[in-house]
Amino acid sequence: MQNRKVLFNQDDIESKVSELQDLILAESKKVSGTSKVFVAGFSQGCSMANSILVSWPGPEPLGGVVCTSGIIALEESRFNQTKEALSA
C-alpha cells in the first residue's frame, strides 16, 4: 500500500471502531454469527465501515462491507492482518 497522509485522530477512530465492533458482536448473536452481518456506509459511514473491515479481530469473518464515497480512516499500522480481517 502507498504511504497515506493521516487525516484523522487515530485514537478516536480506533475507539469508535472498537465500540462498533462490540455492537456487531452483540447483534451477531441474534443471527447466529458475524458471517451473517453486513456493514454499510456512505461518506463518513464508509470510512468507519472500511476501518471496521481492516481491523476486524475475528474469530469469524464479517458477512461483508458495502461502502460508497469514502476512505479507510485508520492508518495502515493499525490494520489487523489476520485471516478474518482479510477475508471479510
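Buried means under 20% relative accessible area, exposed means over 50%, and partly exposed lies in between, with a 1.4 Å probe and protein chains only. By that scale S43, at 33% relative accessibility, is partly exposed.

This is a predicted model: local features need pLDDT of at least 70, side-chain atom pairs count only at pLDDT 80 or more, and totals for chains, interfaces and linings use all residues. Residues are numbered from 1 along each chain as its sequence is written, and side-chain values use heavy atoms, with hydrogens and water left out.

Start with the overall layout. The chain holds three helices and two strands. Along the sequence they follow the pattern α-β-α-β-α. Helices (H or I, at least four residues) and strands (E, at least two) are DSSP runs, numbered from the N terminus. Of the 88 residues in the chain, 36% are buried. The accessible surface of the chain is about 5,500 Å². Carbon and sulfur atoms own 54% of that surface. Areas come from the Shrake-Rupley method with a 1.4 Å probe; for residues, only the protein chains shown count as cover.

Now the contacts. Contact means heavy atoms within 4.5 Å. Take the contacts in the chain between residues at least 6 apart in sequence: 70% of them join residues at least 24 apart.

Next, the helix pair. α1 and α2 pack at an angle of about 75 degrees, and their axes are 10 Å apart. Axes are lines fitted to C-alpha atoms, for helices over the stretch in contact, and angles run from 0 to 180 degrees between N-to-C directions. The angle makes α1 roughly perpendicular to α2. Angles of 65 to 115 degrees count as roughly perpendicular, under 35 as roughly parallel, over 145 as roughly antiparallel and the rest as oblique. α1 brings I13, K16, V17, L20, Q21 and I24 to the contact, and α2 brings M48, S51, I52 and S55. Six of these residues are nonpolar, three are polar and one is charged. Here Ala, Val, Leu, Ile, Met, Phe, Trp, Tyr, Cys and Pro count as nonpolar, Asp, Glu, Lys and Arg as charged, and the others, Gly among them, as polar.

Look at Q21 in helix α1. Q21 is buried, with a relative accessible area of 10%. Beyond its neighbours within four places in sequence, Q21 touches I52, S55, W56 and P57.

I52 leads on to the core. Leaving aside neighbours within four places in sequence, I52 is in contact with V17, L20, Q21, I24, V39 and L62. A nonpolar core is a set of buried Ala, Val, Leu, Ile, Met, Phe, Trp, Tyr and Cys residues joined through side-chain atoms within 4.5 Å. The largest such core has 15 residues, and those with the most contacts inside it are I13, I24, V39, I52 and L62. α1 and α2 each supply at least two residues of this core. The largest share, four residues, comes from α2.

Finish with the backbone. Most residues other than glycine have a negative phi, and most peptide bonds are trans. S32 is not a glycine, yet has a positive phi of about 65 degrees. S32 sits in the loop between α1 (10-28) and β1 (38-42). S32 is exposed, at 60% relative accessible area. S43 also has a positive phi, of about 60 degrees, and is not a glycine. S43 lies in the loop between β1 and α2. The peptide bond from G58 to P59 is cis, with omega near 10 degrees. P59 falls in the loop between α2 (44-55) and β2 (64-68).
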